[in-house]
Amino acid sequence: MDLPTAATPIDPVTPEDAGTIVLALPKGRILAELGPLLERTGIRPADDFRDEDSRRLRFPTNHPALDVVRVRPFDVATFVAFGGAHLGICGADVLMEFDYPEIYAPLDLGLGRCRVSVAEPVAVAGADDAKRWSRVSVATKYPNIARRHFAARGVQAEVVHLNGAMELAPSLGLASLIVDLVQTGSTLKANGLVETEVIAPVTSRLIVNRTALKTRSEAIGAWLARFRAALAEPIA
Ligand SMILES: Nc1ncnc2c1ncn2[C@@H]1O[C@H](COP(=O)(O)OP(=O)(O)OP(=O)(O)O)[C@@H](O)[C@H]1O
Ligand SMILES: O=P(O)(O)OC[C@H]1O[C@H](OP(=O)(O)OP(=O)(O)O)[C@H](O)[C@@H]1O
């Protein structure tokens, strides 16, 4: 049996779901920032949606034809790419990492503003000439971004894939550099690291499954219009 891939998405619409649009939202810091925008868009998920202790993952909203699912930020893009959710909200970092062709990202929500950067120990920064490297070891949660970034300058990156606490890697001998998100820079500073290069700026995006955009164009078009209008509204 052929397993579904993102390129051959399974049909997300089961009979009892027919007509329901599914919006994937990320748990954590983006969700915390999203409240006012969702409010302006007129989306009010069921009361237990914001209850971190709730074991429910799929929630109805005040719109009978819209459900939201609450997933890990890194998984939002995968749920949307495979057609499990029609719409989603996730950081540009996640989109860059997976680079799913099935995803269209029409709206920059201006939230979760940070950057993906290279950082290294303060003690060695500036001491060696990065232009002469042919290989580097990099600890990161973003193996594809890191490999692409270094490959573009002819440097082979040996990646140590971590899911958090990358900042510990250089001092504990796992890698010489890290590629991670930076906002204020305080996490780097607290761990004796310095940002040496910005790979890309990051904000959160509204994303859409391209197939769903064609097959459910009316409903999805209406949600995109609502998000656009909400973004254009002056914030009180
Ligand atoms: N320091 C930051 N400042 C601003 N935005 C950030 C920052 N860190 C992360 N983000 C944005 O928020 C998204 C989610 O980050 P968050 O830290 O909530 O989740 P996570 O740690 O990746 O999730 P998990 O708990 O599943 O590991 C990131 O993909 C990025 O777009
Ligand atoms: O530049 P700063 O303002 O210090 O922000 C950067 C930190 O924010 C993110 O971690 P987060 O707080 O999300 O924790 P995590 O490691 O659990 O993802 C990121 O992975 C950095 O560690």
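The protein chain is divided into domain 1, which takes in 15-112 + 203-232, and domain 2, which takes in 114-201, with the bounds coming from an automatic or database domain assignment. This is a predicted model, in which local features need pLDDT of at least 70 and side-chain atom pairs count only at pLDDT 80 or more, while totals for chains, interfaces and linings use all residues. Residues are numbered from 1 along each chain as its sequence is written, and chains are lettered from A and ligands numbered from 1 in the order in which they are written.

The C-alpha centres of the two domains lie 30 Å apart. Five residues from domain 1 and seven residues from domain 2 make up the contact between them, where contact asks that C-beta atoms, placed from the backbone, lie within 7 Å. On the side of domain 1 that touches domain 2, one residue is nonpolar, one is polar and three are charged (Ala, Val, Leu, Ile, Met, Phe, Trp, Tyr, Cys and Pro count as nonpolar, Asp, Glu, Lys and Arg as charged, and the others, Gly among them, as polar).

Turning to the strands, an open sheet of five has the order 8-7-9-6-10, with mixed pairing; strands (E, at least two residues) and helices (H or I, at least four) are DSSP runs, numbered from the N terminus, and two strands pair if DSSP finds at least two bridges between them. Strand 8 (156-161) and strand 10 (193-202) are the edge strands, each pairing on one side only. Strand 6 (residues 114-121) and strand 9 (residues 177-182) pair in the antiparallel sense over five bridges, and D180 in strand 9 is the bridge partner of S117.

Methods:
Two residues are in contact if their C-beta atoms, placed from the backbone, lie within 7 Å.
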